[in-house]
Amino acid sequence: MHSAEGSTIRHQASAVPQSWIPLPQTSDELRPLDVFSLDFVPYNDAWNLQRMLVEKRKRNEIADTLLLLEHPPVITMGRNAKPENLLSTPLELQQAGIEVVESDRGGDVTFHGPGQLIGYPILDLSKIRRDVVWYVRVLEEAIIRTAQDCGVRAVRVPGCPGVWVNNAKVASLGIHISRWVTSHGFALNLNTDLNFFCHIIPCGIASCPVTSFQQCLGKPLDRSVVEQHLVQHLAGLLGLEKGELWQRMS
Amino acid sequence: MAADVLMPQMGESVAEGTITRWLKKEGEAVSKDEPLFEISTEKVDAEIPSPIAGVLGKILVKEGQTVAVHTVVAQIEAVGSLGSLGSVGSAETPQKSASKAPESATAGTERTEGTDKSKAGASAEKESSELLRASPLVRRMAEEHGIDLSLVEGTGTGGRITKEDFMAYLERQGSATAPKAAPPKPVPAPTPAKTGERDESVPMTIMRKRIAEHMVMSRRTSAHVTTVFQVDLSRVAEIYRKEKAGFENQEGVKLTYTPFFIRALIDSLKRFPILNSSVNGDQIVYHKDIHMGIAVALEGGLIVPVVHHVDEKNFLGLVRTIHELAARARQKKLTVDDVQGGTFTITNPGVYGGLFATPIINQPQVGILGVGTIYKAPVVIQDAIAIRTVVHLALSFDHRVVDGAVADQFMASVKKYLEGWEESLWA
């Protein structure tokens, strides 16, 4: 049976632990990765869009898709987040123009805002590789290679998912999987105003200083240039072909 | 018959998973492929669908617990399932079982107490029709192994159960739920502590989680070695006693011992620049500026504000900055800049009388000085015993880049600076 054969090959490829080597394609044709590059999308709208795409991906109505966008300033509270972890009052947040959204993802309180490149890959991992750890490493690797292209030396920190420069976090990850279809993804600080992070993290904990490409390089970066590198690396690592690119300023 | 729900393996190198949320309660009906529970591994949350339709029986692994992959986490009762017939009288052919479908419907109606359950019964009936979606070969194999085919997911055309499906199911069952054949895989070492009735389980605050992550990350990152020096602090203590009141009256800030230690550290960090470095990948980054982190205890945690360019401040400026940072730390008013960029850290574990502690390095730094309690002790000086004010200073250093001899020379330099204190506090 053809499919059974395919899965054997997959299995052998995935026997390399911790590797982020893309799988050998079992068919001659590369599957595409469609990219939507959007401007500012409010968090809830983006979440609804993701959910719609996830359902479509499950039904195989769309190809693997990457959403690239920015959020207006927003603090998202994961399911386990406690209100007291917000350091600022609702009034202060309102004055700073920050929305607070309760998200159904797991995890902590986090901040998204202008200058931060958000990537939401909607991928069917069952067709790529059924391995969440591998997937996390792929996202990290794509960001590390992108950083390198931009002149930033970024690394992994063992035990702490995300991408780090000099032990400050430049990109964070949060992934949701439903029947091997991924949603949520990564947030990469390009030109983010880092002072926003003060509203949430008990910043003092030196474990989690944040940084941005801008801070590392001393100059702001053009998002579209970063996107080009990122899409290329991500598609390459996932064994996908760059598909259609949709640019929409919403 | 109950089907076991297993902790799925979410990847080649994934050995365990944490259940974050049950989406169904015990006794609640669930249809096939409906999300049943959520797990998390690394930074990934995954929704796990129910393998079959039925009623969620016992939940064996509670929310928050971490177990090895393939561990049974719950059981699902396939309501009115033909499986019970199949396992009781395994001599019966599957065809016969299938023909008893009406009987299973009766079993379903017997359970009409709750609407949920009758619904589940209905979906279980739907399941039973899948029995017919198997080749004679697969049915014969099912009979031989005493397997209920309604529990096997079919991936063939129209959901047909292929031989591969059956073998895969058998393999899973064999490794996870056949204790007679093979004992269940032991759960790896750190099993979660049992929570008794009188125990209280409190989720960690974000600050606590970050501290926890950082401490473990640091331990994993650096090769920690701690060297301890006893320092005769009599001279400093005398100055401290003399100047304390005047300092507070004239300058309005409380004098502590901390700035004395920091001045000594600055002098020695300049002499031994490797202690003021960081490791970045395979590079050693020597920091030209000295930014001193000062650990401050908070209720429920700690925070490390940083005095930037600490070497450019005089003694009074240092005292003022420390005072101001500590106050803002306690009021949670620190900014990002206040806590970033430290190149060395000083901490004060001696407040409650501890002689010394072995502090954990504040990454990505390579050294941290722990100041023990300051007390009077008999000390031998030139073969005479004297009562002196002493302190134990413990330096934890990263042995990846700092050699033991260098660390001890550094500490000898700190000791010398303090024991022979010459600086004016008012300069």
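In chain A, helix α6 gives way to A:Gly239, a residue with a positive phi near 75°. Helices here are DSSP runs of H or I with at least four residues, strands are E runs of at least two, and both are numbered from the N terminus. The model is a predicted one, in which local features need pLDDT of at least 70 and side-chain atom pairs count only at pLDDT 80 or more, while totals for chains, interfaces and linings use all residues. Residues are numbered from 1 along each chain as its sequence is written, chains are lettered from A and ligands numbered from 1 in the order in which they are written, and side-chain values use heavy atoms, with hydrogens and water left out.

Helix α6 of chain A itself covers residues 223-238. Its 16 residues reach 22 Å from first C-alpha to last, close to the expected 22 Å at 1.5 Å a residue (the expected span being 1.5 Å times one less than the number of residues). Among its buried residues are A:Arg223, A:Glu227 and A:His233, along with A:Leu230, A:Val231 and A:Leu234; buried means under 20% relative accessible area, exposed over 50%, and partly exposed in between, with a 1.4 Å probe and protein chains only.

Helix α4 of chain A, residues 132-149, has 18 residues and spans 26 Å between its first and last C-alpha, close to the 26 Å expected. Of these 18 residues, 15 are buried, leaving the helix mostly covered. After the helix comes A:Gly151, with a positive phi near 90°.

For chain A as a whole, the secondary structure comprises six helices and eleven strands. Of its 250 residues, 56% are buried.

Turning to chain B, the axes of helix α9 (residues 258-271) and helix α10 (residues 315-330) come within 10 Å and cross at roughly 120°. This angle makes α9(B) oblique to α10(B); angles under 35 degrees count as roughly parallel, over 145 as roughly antiparallel, 65 to 115 as roughly perpendicular and the rest as oblique. Where the two helices meet, the α9(B) residues include B:Phe260 and B:Ile262, and those of α10(B) include B:Phe315 and B:Leu318.

B:Glu251 belongs to helix α8 of chain B, residues 234-251. Its side chain forms a polar contact with that of B:Arg320 at 2.8 Å (a pair of N or O atoms within 3.5 Å; within protein, one must be able to donate a hydrogen and the other to accept it, and residues adjacent in sequence count only if both atoms are side-chain atoms).

Technical notes
Axes fitted to C-alpha atoms, helices over the stretch in contact; angles between N-to-C directions. Contact = heavy atoms within 4.5 Å.
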